[in-house]
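Hi,

Here is the structure I said I'd pass on. Have a look at it first, and my notes on what turned up follow below.

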Amino acid sequence: MHSPLWTRVLIWTICAFGLLYAMPNLFYGRVERHNDAMAAMARAGGAATPEQAAAIALWPDWLPSGIVNLGLDLRGGAHLLAEVQVADVYAARIDGLWPAVRDALLAERGSVGAVQRLAAEPGTLRVRIANPEAMPAALAAVRALAQPVVTLTGVGQSDLEVTAEGDTLVVHLSEAERAATDNRTMQQSLEIIRRRVDEVGTREPTIQRQGADRILIQVPGIGSAAELKELIGTTAQLTFQSVVQVTGDSAAPVGATQVLLPDLNDAATFYVLERLPVVSGEDLVDAQPAFDQNGRPAVNFRFNPAGARAFGDYTAANIGRPFAIVLDDEVISAPVIQSHIPGGSGIITGNFTVEESTQLAVLLRAGALPAEMVFLEERTVGPELGQDSIDAGRLAAVVGMIAVALFMIACYGLFGVFANIALTINIVLIFAALSVLGATLTLPGIAGIVLTMGMAVDGNVLIFERMREELRQGRGPARAIELGYERASSAIVDANVTALLAAVIMYAVGSGPVRGFAVTLGIGILTSQFTAVYVSRQIITAWYRWRRPRLLTV
Amino acid sequence: MAWRLKLVRDKTSIDFFRYVRVTFGASLVAVVLSVILVAVMGLNFGIDFRGGTTIRTDSPVPVDVAAYRAALAPLGLGDVSITEVFDPTFGPEQHVAQIRIQAQGDMEAMAPETIRQVEAALRGVDPAITFPQVESVGPKVSGELIWTALLAVLAACVGIGGYIWMRFEWQYGVGAVVALAHDVIVTVGVFALFQLKFDLTIVAALLTILGYSVNDTVVVFDRLRENLIKYKKMPLRDVMNLSVNETLSRTLMTASTVLISLIALLIFGGDVIRGFIFAITFGVLIGTYSSIYVAKNIVLWLGLPRDTATDGGEVPNEA
């Protein structure tokens, strides 16, 4: 029953590392403040404030500082599942295409004749041409606008699908282009949400893409899902559009290329605007809260070169005419252009409070979401309920642990003590693994640990029962111990693999709390395989070599 | 010999097939009844599966369900159910209620404005009320969640059956899967019978039950395989009885340690996870039963190929 030196060294080294990496969790508050201060210092560029330095000093640098993340249900916070309306972007793309299509067809005016844009569902462009016989020429002209899609799968495909229906030319985005657009939209949305949530400076937010068009957002410590939604949900679509007409009529007639939008401050004023913006928020590079010359809160903004050029050209050509600053389909203000504005910077004034102008600047700076989001799921947990859950989970864990330990001693005597040592190491290893992986502990996760305690001793129960059987058949102590381990191992491995299978499936399909449960259960199964088999064997072997009992009682 | 707590005697020879008609019949009846119960009474789906909003309220003042209901009536939210929650872990000045509101619209979660209206209305009844938990799930997600949940349980059953087939024989795989299906169906039946809230965490509980139950079954199968090699002439039925008897002590020991930790959670774990823990507790009981009484019956009926080529005779052990 000797085991080679290297296995002994390896097993105890793993246990020692487990202890080292689980330990920070005992000093949770301290380590958390240390980590927060380190992160804040890194963000600020390496210089620590006195408070940060004090917080950093709470925990020595040379010790591991990974701790278990507490899930939303334990810490309190908000959870949102949003669906990005990726199809919105198709509509914007197609609308943006119209001027180019028009120009291409105008170049063929000789054969095609007059062209007219027809009303169509979003994402489709319908153009009627006066001479249907010239359709092939028109198709060729528009198809010349198409560009190859650059994706891994869609090489060689063009981004536009141009077809003819009688005298009408129909333009869609191609399948490959839609997939590529969706991907870009999702990446952009994720990035923008991340930046907006980071502006609030909360700890460890989770922002993940889920499936084709969904985003999961979890922010601990935030008051409510509604608050979080306000932060990220406000699309802040800023555009500058040319004004066709100012009217008091909410049902004023508009052309195919125009829209009617209300005024933000005055319910009786409406604007007829050109649908196609002169410049949009995407060209914005900076926005700062400021005050205008009358001391009222305002927002200063600056465009990138492309935006600055478009804005400069437009203002030069339209001096004396009004243009509209539109935020989320509402006109904030419609100043008259006094002079050519070449520098690409300007100021938005409106009836803002200081708070509103600050928030508007934040939203503008973070950029506009490329598409609307619909919220499918919202959950809020208050911090008190989280603390209650932690307390309840901890109490249940302690009571469960003591009860299982006493039961094991009652059933197996000294061997029960050995099993309990292995069980304790098992729990230490679970915490070490959770800390190192940066996994999240949820309330069902705590339940998973408590349940693991019950299941982890199963390995030892199998081994001890087998030892008893071997002893009954008259084998000597050393042989019984050896055979107990040997013959129980296939059952233990099979049992653990099947249980692990269930945990993996649970992790794959579950979300939030269920995942937390699957993680602790899965880690618990792996560590219990290690402790119940290898660690307990080391302990029992060491004991046997020390005492050399002639009679063994399990 | 030192004193030991023993759940079963050292050597038992219980005939587990003696009352096969009763035990297997009872299992069959339980499964059929469960299916009927689910079909007739339906499950009390939580918002995870049916969409809607739940709000947990907490107040030092006792809960007045009628007043809450009256306050919410003018909002016209459709079906609203209000239940008071009792739990031994609550303090004396803690009165908790759970309010469930049906889904509004057919896709999105409840709008924050509506939630604010509900909270304001309840504050009108009880100014000291707080809302420690608000959850809202849109019907679009909840519809998908039902399918993922169902798929998860099926995938787990198939995966486990496949693994056992690989490690043992196909008969064992079928036996294990039938036992698993039995455990899951009867557990779901109990949830239908008592109209307990059935949500995603219960699905996690079902998966845990699968993991536990198969664990138990595998241990019996493992011993059966070993004994089949040892006792080549013994009838299958007797080898099975022997194997179950030999592993009986372990089966009950493990069930006990798991139940001990579950009972600790059931009593001290708080009301938030009580349904979840209850499902697992019930599942452990029925899983232990099924690995003794269901899984091996199936294997017995399917029969196992016995290797008769080598005449080993009845050798008690090889050494």
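Let's start with one residue pair: A:Glu378 has B:Ser136, in β5(B), as its bridge partner. Keep in mind that this is a predicted model. The pair belongs to a place where the two chains join strand to strand: β18 of chain A (residues 373-381) and β5(B) run antiparallel and are linked by five bridges.

Zoom out and you get a sheet that draws on both chains. It is open, has eight strands and pairs antiparallel, in the order β7(A)-β8(A)-β2(A)-β18(A)-β5(B)-β2(B)-β4(B)-β3(B). At the edges sit β7 (206-210) of chain A and β3 (80-85) of chain B, each with pairing on one side only. From one strand to the next, the twist averages 15 degrees.

Within the chain A part, β2 (residues 77-84) and β8 (residues 214-220) are also antiparallel, with seven bridges between them. If you want a pair to click on there, A:Leu80 has A:Ile217 of β8(A) as its bridge partner.

Now the chain contact as a whole. On the chain B side 65 residues take part, touching 65 residues of chain A. The chain B elements that give two or more residues to that side are α4 (112-125), β5 (130-137), α5 (139-167), α7 (200-230), α8 (236-268) and α9 (274-293). Which of them gives the most? That's α8(B), with 14 residues. Sorted by class, the chain B side has 37 nonpolar, 19 polar and nine charged residues.

Chain B itself is assigned two domains: domain 1 (20-44 + 141-302) and domain 2 (52-137). Their centres, taken over C-alpha atoms, are 37 Å apart. Five residues of domain 1 are in contact with four of domain 2, and the domain 1 side of that contact has two nonpolar, two polar and one charged residues.

Last, a helix pair in chain B. α7(B) and α9(B) pack at about 25 degrees, with 8 Å between their axes. Angles under 35 degrees count as roughly parallel, so that is what α7(B) is to α9(B). The crossing of α7(B) and α9(B) is right-handed. Contact residues include B:Ile202, B:Ala205, B:Ile209 and B:Tyr212 of α7(B), and B:Phe276, B:Ala279, B:Gly283 and B:Gly287 of α9(B). By class, the contact between α7(B) and α9(B) has 10 nonpolar, 10 polar and one charged residues.

Cheers

Notes. Residues numbered from 1 in each chain as written. Chains lettered and ligands numbered in written order. Predicted model: local features only at pLDDT ≥ 70, side-chain atom pairs only at ≥ 80, totals over all residues. Pairing = 2+ DSSP bridges. Helix = DSSP H or I, 4+ residues; strand = E, 2+ residues; numbered from the N terminus. Axes fitted to C-alpha atoms, helices over the stretch in contact; angles between N-to-C directions. Contact = placed C-beta atoms within 7 Å. Nonpolar A, V, L, I, M, F, W, Y, C, P; charged D, E, K, R; others polar. Domains from an automatic or database assignment. Parallel < 35°, antiparallel > 145°, perpendicular 65-115°, else oblique. Left-handed = near helix turned anticlockwise from the far one by under 90°.
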